[in-house]
Structure formats: C-alpha cells, structure tokens
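I opened this model to look up rings, charges, strands and cores. My notes are kept in the order of looking.

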Amino acid sequence: MPRRQILTDRQRTALLGLPVDEATLLRFYTLADDDLEHIHLRRRAENRLGFALQLCALRYPGRVLNHGEVIPQEILQFLGAQLGLDEEALLTYAARRQTRQEHMAALREIYGYRIFSGRGARVLIEWLDQEAEEARSNEDLARRLIEKCRRTQTIVPAITTIERLCADALVDAERRIEARIACRLDHTTRQSLANLLENTVDGRVSRFVWLRQFDPGKNSAATNRLLDRLEYLQKLALPAGLFDGVPAHRISRLRRQGERYYADGLRELPEDRRLAILAVCAVEWQAMLADAVVESHDRIVGKTYRTAQRLCEARIADEKAAVRQTLQSFANLGGALISAQDDGTALEDVIAANPGWEDFRNLVAMATGLSSTMAADPLSHVLQGYNRFRRYVPRMLRILEIEAAPVAQPLLKAMQILRDRGSARPVDFLRQSSKWHRHLNAQPDGDDRLWEVAVLFHLRDAFRSGDIWLRQSRRYSDLKQALVPIQAVANSARLAVPLHVEDWLSDRRTRLTASLKRLGQAARSGAIPGGAIENGILHIDKLTANTPDGAEDLILDLYKRIPDARITDILLEVDSATGFTEAFTHLRIGVPCKDRIGLLNVILAEGINLGLRKMAEATNSHGYWELMRLARWHVEGEAYNRALAMVVEALAKLPTAAHWGMGLSASSDGQFFPAGEKGEAMNLVNAKYGNDPGLKAYTHVSDQFAPFATQTIPATASEAPYILDGLLMNETGRRVREQYADTGGFTDHVFAVSSILGYAFVPRIRDLPSKRLYAFEPASAPKELRSLIGGRVRENLIAQNWPDILRIAATMTAGTIAPSQILRKLASYPRQNDLAAALREVGRVERSLFMIDWILDADMQRRAQIGLNKGEAHHALKRALNFNRHGEIRDRTIEGQHYRIAGLNLLAAIIIYWNTVQLGEAIAERRNAGLPVPLELLAHMSPLGWGHILLTGEYRWPKP
C-alpha cells in the first residue's frame, strides 16, 4: 500500500521540528530542580546532556530523538548553560545503542510517558475521529493530534503514522458527514436532487450548472432570472435541520466543491457524497440567490433615482433660456410700471399697451410653470422606473421570506398590500418630514403608481439598515440575532474599554476637558504647529516633504546593485523561501498542490491580468486545460489569503524590513480598476474616476510595505466600513496599533469601534477646519474654541445603549460577521435609531479627541502622511503589474474579479519580499565596499521598484 503523505516537508518541520526560538526554549527547555536531580544521576557529561536533551524533546515537540539527528546549536547552548557543560559533549553521547534505550526507559518511568500503542492509542484514535469533523485542514488535524499526545504524555508516533491516521480520520469524518446529510433526505427529495443532474435548461446546460450561474443583476430581466432559480430551489422543499451537527466550515467546503463539479463529475461520485453536495448547494444557493435579488433591487432603485436626477437636471437646463426670457420680461414690465407710477400714469394702461393683457396672462402662466420646474426634485421623475419595477416586484415579494422589526411593520404591511394587489394605500411607513408626502398628495385619484414606487424605495433603505431582513441570508440577515450575547462580551479579550459605561464616561469627560483646555491655551499663545485659530476659524498649513539629503542617491545606488530578474525566477525563489504555494490545497482532499510550476502559472496569470488562455500560449510548461484544472481545484479566496499571510509573515522576519517599521501601524486606501462592461458583477460608474465603469480594490498596507489584506468593493461604495475588515480578519491586522486612512475612510462609527477595539485611528481629514468638536459641557469650553464646538455629547443615549455597543464590537472580533456588514447597516439606520445614534455619539467623542491631538501634534500628521504615501506607492506597483487588457478587469463574475484582485495583491507581496531580500544584500555589498550606509537614510528606501524585473514576453520555467 503506497504511503499517504498529506503534509509537505515544511509542515512536517513546523509540527515536529526541534525549537530554536527563545520563547519556546524558555517555556519547554528550562530545567526544574527535580529535572536536574535526575540528570545529575548520570555519571558522564555526554550522558547528562543527552538525557536532558531527550527529556526536553519529549516535552516539546513530544517525540523521541532520531538516531543521528542533527541538534540545533541554540538548544545545545541553552541546555549546556543550565548544566555547566560544553555543547561538544554530545558528540560522544550514546556510542552504545543501549544507553539511549536505557535513558528512554528511565524517562518513561520517572515522568510517566507512554508509547503510542495498545488501549491508549485506540482511545486517541477514537478521539481523532471526532476531531476530524472540526479540523479545517490536514495540518490542523495533525497539530491537534500532536498537542493531544503532549497533554496526555503520549510519545508522538512517527510522522508517517500521524499522516496515515489523520488521512484515515479525515476520510471517515467526511463519509460520516455525507451519510448524516443524505440519511435525512426522503425518497422524493433524493429524486428531486438527482433531477438537477439529469434535466437541462434550453437543451444546453444541466439544471445544476444553470442554478449556480448567478450574480446580482442590473435590470428587471436579470432579477427575474435570479427569481427563476430561487423559486426552483424553494420547490425542492429540503427538510429543516438538514445540517444539524455539521460544522459550518464543512458545509462551506461541500458548497465550494459543488461549484467546481460539472454534472458528469457529480454522477461518478458515491451516492451519499453526491446527495450531500447537491443538498448543501441547494440550501446555500437559496440564501445567496435571495441576497442577489435584494442587491439587484437595490441597484435598480439606485438606477431609477439617478435617472430621475438626470431628467430633473436636464429639464432645469432646458428651461434656462425660458427662465432668462421670463425674468427679462418681468423686469421690463416692472420698470415700465415703476415709471408709470412716478409719472402718475394709470398702471392698467401700461399693461394693456405692453405686453397686453393676453400676453401678460401667458407670461404669468409661464412663470408659474417655470417655478414648478425649478422647484422640482428627482422624486418628480421616479415614475419613469415604474414599469421596470412591475416586471419583477410582485414576484419578488411573493418569493422572498421577509421579516421586519417593529419599527418597520407599517412598511411590511404596505409591501403585503402591494404584493396582493390590495386597494388600501397607507402612508404611515413614511416619516412626517419625508418629501414623498407632497408628491403623493399631488397624484390624481386612482393613480397608485407613485405610492408603489415609494414602498419599493423604502424597502431598499430598510434592507440596508436592517429594519427588514431575510429569514435565510448571508448579508441581509437579522443583525440583532447575529450579535454575540451580552454574557460573551466580558470574555472578549480585544475590548479596550471598561464594561461599565460610567467608567468610560468619566475617563472621556476628563480627557476631553483637558484636551480642549490644552488646545485653547495653544490657540491663545500661538503654539499650534503650522496653524492658528483666527476669528473662530481653524487654519492648518499643509505638511512639506522632509526627505533628508543623500537619501535619493543611496536608494538609487542600492537598486543599481539589484540584478535584473524574470518574474518567473522571482516566483520560484520566493516560494522556495516562504512555501506560499502550500496554501493552495486541493479543495477535495486538502493536499497541497504537487504541480508547483503549473500553480505559479495560474497565480501569475491572475496577477498580471493575462488570463489562463493567454498564459497557456505564453508559457513553456502547461496547456490551457491543465491550468484550468489547477485553478478550479486549488485556487480560491481562502487559499489566496493563506498564501498572502505566509509571504507577509516571512517579510516581517527579514532584518531589512525593520528599517521601515515593526508592523504596528498600517494604512488603507482604495484603488480604482476599470472594467470591461457596465453593470457586470460589481462594475459601476463613479464620477470621481470618470465615466467608465469599474470596481475598487481596498487594500491595507503595513508600515513594512506588506499588503496584508485586500477586498474587492463596488466603485461607488464608501470605503469607511471596510477598514475594520482588514484589521480584524487576519493576524497581521490584529497586531496593528495605529491605522491611517484618507478622508473617504472615516465616519464617526469607525472612530467609535476603532477606539473600543484598541486601535488608534488616524485619518487624514481633507476638510478638517469644517469639522466640529463635541464637548460634555460646551459652555465651559475655552472661549477661543466656542465657534468650533458643534454640540453636546448625549451621555444618556450612550449609557442606555452601552451593552449593545459592546456587543457590536465583540461580534466583530468573534469573526462571525464581517465588520463592514455591521457598519453598513448602522450607517443606513434611520436617524431615530438609538443604537446607531449612540455609537455616533461615542464616535464624536473619539473624533474630537483625535482632532485636538492632530492639530497639536505635527509628528502624528507626518506619520499619517508617510503611511498613506506607502499605500499610494503600492498603487503604482499594481498598475505596472496589471498591464494586460489595458488594465481592465474583464471578469464577469464577482468571484472572478475577486481572484484577479487577490492574485494581483499576492504578486505585489511576492515582489516586495524579493526586493526586500535583494535590498538587504545590496546594503551588505555596499558596506563591504567600504561605502557609508547611514541608518537614518534606510527608512526612506522602498521595496516597490519594478524596473529591474522582466514582466513581459514569454514566461519560461525550468524543465522538471
């Protein structure tokens, strides 16, 4: 039977290699008094050192030393220092084989260690079978087994035994889960799922493949196509509790596998596995389709409103000449009337003579019409989209399982009336100040079209805010249900604020009062760095560049010393150093990809925006279908995230990276990428970037230039909600302490949550002088600052909602729901929602404290400028890499666009790592040549250069 190897050599070493880092040595290799007593019973120096070494190896990593194994120098020095022995004493240890065996027997007897066999092994194997269901990867399960052996003082077996046991346990767990799901399906449901593979749509594709081909649409036709799929899946009527007892990551993996199979491949699978995949896909796709329908409705409402805006603006523009003419006519008539009044002439004669009563009546009518036109708002034209809504809305309201909070019950009732074609037309879902009232009152009796449009506009807003939600959804679920319970808040180690609101309020009141006093004193004495407060107006000068002399010459010389290289060679070198390709495991069996060069071809094709078909023509190693197979089964979002984390972690360990920072600060910014077509996937037009559709990549960059997180977001989306995603969803982000962002990246809600989670949020606010400060006692603020105070902090509102505020922060740290999803809902809440308003009050306090610090601290301003400059320099590198297809992201699906952006980010990180290594060698070469390398200048170099890298042409790889 062939050996089952499920771990790479790098993973084996990580699991069972002897430690060399100081922290692990101190924890496991520090000898206690009783250890020394047993060790000193050995007569010879080599035996004492060997006995101690075997004892420590049993403690960590928990295994027996292999015969002839090379012991790291760090371990020998650490143990030798404790025993007063020279490390060379080990050279003669165990010249007799029996010595090692005798020592191992003594260690087992003294410390209670036992070998992996008999009843103890059977118990561990049974435990392993259960753990396999929860394990997320082969390496995860192997680590769990090794840690369990250490806890039970069981000597870890050979790595081949571990791999065999883990592989068997994972296969058994997979089969149990598949059987568990399949046995819950009755005969009718099984037949319905089987029909997904047998039936075709339009005689072209199987029903199964047709169901998974969806993305949010842009019009009523696309929305109806989504509803077709959702309605079909709902008719399958899969039983409730189908996935009870099945870990969420197992469900997600089965779904991702199903999305990569075609009908023929699924037919060849065992029945339980085939049914489990079909059932998981059917349930998961229902939630995803429902979200896509809501997102499509959101887009259609937005499109309708933008069209109405353009119509309104066009009508106003068309009437400009008539307005000028009418105003001139009234000006002439008014002048004539004033002259007649002065001359004592009858005013009626003036009007009768010029322009005449008939023309005067027409002129008044024209002015009345123009007044209405000029006073019109976009709601006057939203009926243009009525027919578009009627094509899908009744069906949408019938199919979606919508629920509502008490505040949205009137809207839910209006939706039911609209769905059932009822005759009542209640307007209690509108706020009293809403502009809709005026327009609805102006509608003729019997014309209910505008009322229906008003309901649909408010439905969009309610989904955004969370006042209305879907029973089964990923994005539009009930936010209150998603928040962790209040009992879990106390266990959240990430929260950086007191649990009792009185303590927080007292601290912030003291700090804010002191900060306002400090700013007032600086304003009076003219001590504000680069600024002043004059006549109640804040003035801040723009920072100037502060690059020291000689920095540019040094950087130029260092880059001249870096050799030219092909991008293919760089990929191979960095993978050899970091092993990032090991992150791309097979979606089915979890084994790292064995075709390393083929996988690198796929990553490079994504990173340079070439595509697999063109890459197959440009490479000397693989054809299109080989690359397609690798991309389908090894490349996914989570794999890109793991690979990126491996490169970023390796970069942080390079000595050269320490010249730029310690990884404790980061910046985030969005980069626009044009798209091939308007309306596909996330492609939307943002006037800020011109008239072409596109999308944005929102990237976090550490102070060591590492792009440790990236997200693909619509071009029109606000960037602020996504800041915390990059900080909380990966280990590098969690280590950050100071986060920089541009103006588009801040809101009061972000200030609030960042502070609660212990981040110092430092945005560069473009219109800072126009922002207001808030105080607990505005009347007691220094008189120089009175004009800058925007209002009083509402302490009672914060106190009433403090538990839910902490629940929001704890939920974000738990990772069960993306922070951006929570922040988007809070930003969309109506003004009267207490929770959103309370969080805004917390943010106002934190923003006020920040603004005062920013105004008085020029060093903070400069740190933020440096951090943001690093992010903007990243954009230049990525534009250079994303050179194919004129830099357009032409993928038509959200998943494809995400892979393209993730591949680009990973490729940028790989180049940054390679450049950092080369810069380190260039620094050493310069020093060896006797040339000065001032340390203060090294902070100004950057690993973002690409002029020495050959990116184009043929992509040639070494032959195996």
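The entries below go topic by topic.

**Ground rules**

I am working from a predicted model, in which local features need pLDDT of at least 70, side-chain atom pairs count only at pLDDT 80 or more, and totals for chains, interfaces and linings use all residues. Residues are numbered from 1 along each chain as its sequence is written, and side-chain values use heavy atoms, with hydrogens and water left out.

**Entry 1: aromatic pairs**

I searched the whole structure for aromatic pairs and got 19. Rings of Phe, Tyr and Trp (its six-membered ring) pair if their centres lie within 6.5 Å; planes under 30 degrees apart count as stacked, over 60 as edge-to-face and the rest as tilted.

I took F208 and W285 to begin with. Their ring centres are 5.3 Å apart and their planes stand at 40°, so I logged the pair as tilted. F208 is in helix 11 (residues 207–211) and W285 in helix 15 (residues 271–318), so the pair ties together parts 77 residues apart in sequence. Helices (H or I, at least four residues) and strands (E, at least two) are DSSP runs, numbered from the N terminus. Buried means under 20% relative accessible area, exposed over 50%, and partly exposed in between (1.4 Å probe, protein chains only).

Next I checked F429 and W451. The centres are 6.5 Å apart and the planes at 70°, so this pair is edge-to-face. F429 sits in the loop between helix 21 (409–420) and helix 22 (436–441), while W451 is in helix 23 (residues 449–465), so the pair ties together parts 22 residues apart in sequence. Both F429 and W451 are buried.

I also noted one aromatic cluster formed by Y305, F389, Y392, W436 and F457.

**Entry 2: charges over rings**

I then looked for Lys or Arg above a ring. The test is NZ of Lys or CZ of Arg within 6 Å of the ring centre and within 35 degrees of the ring normal. R613 has its charged end over the ring of Y624, 4.0 Å from the centre. R509 lies over the face of F776, at 5.3 Å from the ring centre.

R273 is in helix 15. This arginine is buried, with a relative accessible area of 2%. Which side chain does R273 join through a polar contact? The partner is E178, at 2.7 Å. A polar contact is a pair of N or O atoms within 3.5 Å; within protein, one must be able to donate a hydrogen and the other to accept it, and residues adjacent in sequence count only if both atoms are side-chain atoms. Leaving out residues up to four places away in sequence, R273 touches E174, E178, L254, Q257, Y261 and R588. Contact means heavy atoms within 4.5 Å.

S206 belongs to strand 2 (residues 205–206). I find S206 buried, with a relative accessible area of 10%. Beyond its neighbours within four places in sequence, S206 is in contact with L196, L197, N199, T200 and A263.

**Entry 3: a hairpin**

Strand 10 (residues 693–702) and strand 11 run antiparallel, joined by six bridges. Two strands pair if DSSP finds at least two bridges between them. L695 stands opposite P714 in strand 11. The two strands form a hairpin with six residues between them, and F705 in the turn has a positive phi of about 70°. Five of the six residues of strand 11 (residues 709–714) are buried, so the strand is largely enclosed by the rest of the structure.

**Entry 4: nonpolar cores**

A nonpolar core is a set of buried Ala, Val, Leu, Ile, Met, Phe, Trp, Tyr and Cys residues joined through side-chain atoms within 4.5 Å. The largest core has 161 residues, of which F580, F584, L604, L724, W802, L906 and Y955 touch the most other members. Helix 40 (residues 894–928) gives the most to this core, with 16 residues. Apart from it lies another core of 84 residues, including L233, L254, A454 and I468.

**Entry 5: two loop residues**

A237 is in the loop between helix 12 (220–235) and helix 13 (248–258). A237 is exposed, at 55% relative accessible area. I817 is in the loop between helix 36 (795–814) and helix 37 (819–828). I817 counts as buried, at 8% relative accessibility.
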